[in-house]
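Work through the exercises below with the model open beside you, trying each task before you read its solution.

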Amino acid sequence: MKRKISILLSLFFTMSAIIACSGNQQNIEKYAMNTTNTMKTNSEIKLLENGLYTTQFEGEYYFDKYMEQGGACSDREVIQFLKDNVLSNADIEFQSNIFGCSTISTLGGTKENKLFGRNFDWNHCNALIVQSKPPNGYASISTVNMDFIQTSAGFSLDLLPDNMKTIAALYAPLDGMNEKGLCVAVNMISDNATIEQNSNKPDITTTTAIRLLLDKAATVDEAITLLQQYDMHASMGMMVHFAISDASGKSVAVEYINHEMVVTETPILTNFYVSKCEKYGTGSKQSHERYDILTEAYSNNNYMTVEQIKNVLDSVSKDNFNEYESTEWSIVFNQTSGEVIYYHRENYQNGYSFHVKEW
């Protein structure tokens, strides 16, 4: 249902658990009364199960304007853009936490199918699956850790209207696939270095880079060309790299070594550098273990079915390593058909099916 709504929102993008704040209806009504921006949305957030939600958004979220005005060199500037153009009176505060992830790109059960698998490892969190159709970009499906988004308005995020949360989530994806079959995922690297490019190009942050590629890139080559046009700035100062794969089967890792972009062809990525450089291999011990498991599975059969990709993701999920984290979501993207299957918190017997464009 499309509604016309005015918005005044104060958000925190953080890398920590949601802080439950006391709130009341009077506070929310105050925010609604002091609005300066108006938009139309159709974004009702629906609960799939505890900790997993889904929403759909078709319409303008002003990402083209964000890029045209030069992007942003920090998450604080992203929020400032939202404050000035989409949501009002936004403030921001950051805290960092480590997350580990795994990706694998493979041919499907036939030469015509291409598949991309993704695990996101984290503490228990609230995950939001966002299906979006922008007016000037590709339809896509992406995943957001909603614990990265908080209010500073004295009330719980749960009390805010769904459209407010969805607009913020559109600027904070951690992975996704678009209608052309381009898949993108961000994985953290355990390294004290960060990414702060400064070559007088327009600026972009980790999560808005993912949004850019999902909206605008159809192939790996187009994605690389787009990233080369911007100065990358790591969200929260975290060192990350990107796994990017397209419907032709091409798959690369994009890393930033001493603030220089380096592209390495690889079907597998976990949480250590894969570029042949002085930092090659830097990362956690467990990330090497997961990489070896995925590499063996890939070498034995690079024409995997959806079921086989699911089982491979299960083999590197966190319950195999006796750690406090869990694999919060696993995804099998069919880059040929546009079908997407989500598995939540390592329950690989229960999948949620979506289509990137047909909804």
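**Exercise 1: A loop with positive phi angles**

His259 counts as partly exposed, with a relative accessibility of 35%. The model is a predicted one, in which local features need pLDDT of at least 70 and side-chain atom pairs count only at pLDDT 80 or more, while totals for chains, interfaces and linings use all residues. Residues are numbered from 1 along each chain as its sequence is written, and side-chain values use heavy atoms, with hydrogens and water left out.

Task: In which loop does His259 lie, and what is the phi of Asn258?

Solution. Begin with the scale of accessibility: buried means under 20% relative accessible area, exposed over 50%, and partly exposed in between (1.4 Å probe, protein chains only). His259 is placed in the loop between S16 and S17, where S stands for a strand and H for a helix (DSSP runs numbered from the N terminus, a helix being H or I with at least four residues, a strand E with at least two). Phi of His259 is near 70°, a positive value although the residue is other than glycine. Asn258 lies in the loop between S16 and S17 as well; Asn258 is not a glycine either, yet has a positive phi of about 50°. At 52% relative accessibility, Asn258 counts as exposed.

**Exercise 2: The strands around that loop, and their sheet**

Solution. As one example, Ala253 has Thr264 in S17 as its bridge partner.

**Exercise 3: One side of a helix**

Task: Which residues of helix H6 (residues 220-228) are buried, and what do they pack against?

Solution. The buried residues of H6 are Val220, Ala223, Ile224, Leu226 and Leu227. They lie on the same side of H6, because they cover an arc of only 160° around the axis, the arc being that of the directions from the helix axis to the C-beta atoms. These buried residues pack against helix H5 (206-216), strand S14 (231-233), strand S15 (240-245), strand S16 (251-257) and strand S17 (260-265).

**Exercise 4: Salt bridges**

Task: How many salt bridges does the structure hold, and where in the chain are the partners Asp64 and Lys216?

Solution. The structure holds nine salt bridges, each being a side-chain nitrogen of Lys or Arg within 4 Å of a carboxyl oxygen of Asp or Glu. In one of them, Asp64 meets Lys216, with the closest N and O atoms 3.1 Å apart. This pair links distant parts of the chain, Asp64 in helix H2 (residues 63-68) and Lys216 in helix H5, 152 residues apart. Asp64 is partly exposed at 24% relative accessible area, and Lys216 is partly exposed at 28%. Another bridge joins Arg118 to Asp175, with 2.7 Å between the closest N and O atoms. Arg118 belongs to strand S7 (residues 114-122) and Asp175 to strand S11 (residues 175-178), 57 residues apart, and both residues are buried. A further bridge, between Asp215 and Arg211 (3.1 Å, N to O), lies within helix H5, where the two are four residues apart and therefore separated by about one helical turn. Asp215 is buried at 3% relative accessible area, and Arg211 is buried at 0%.

Definitions and conventions. Contact = heavy atoms within 4.5 Å. Pairing = 2+ DSSP bridges.
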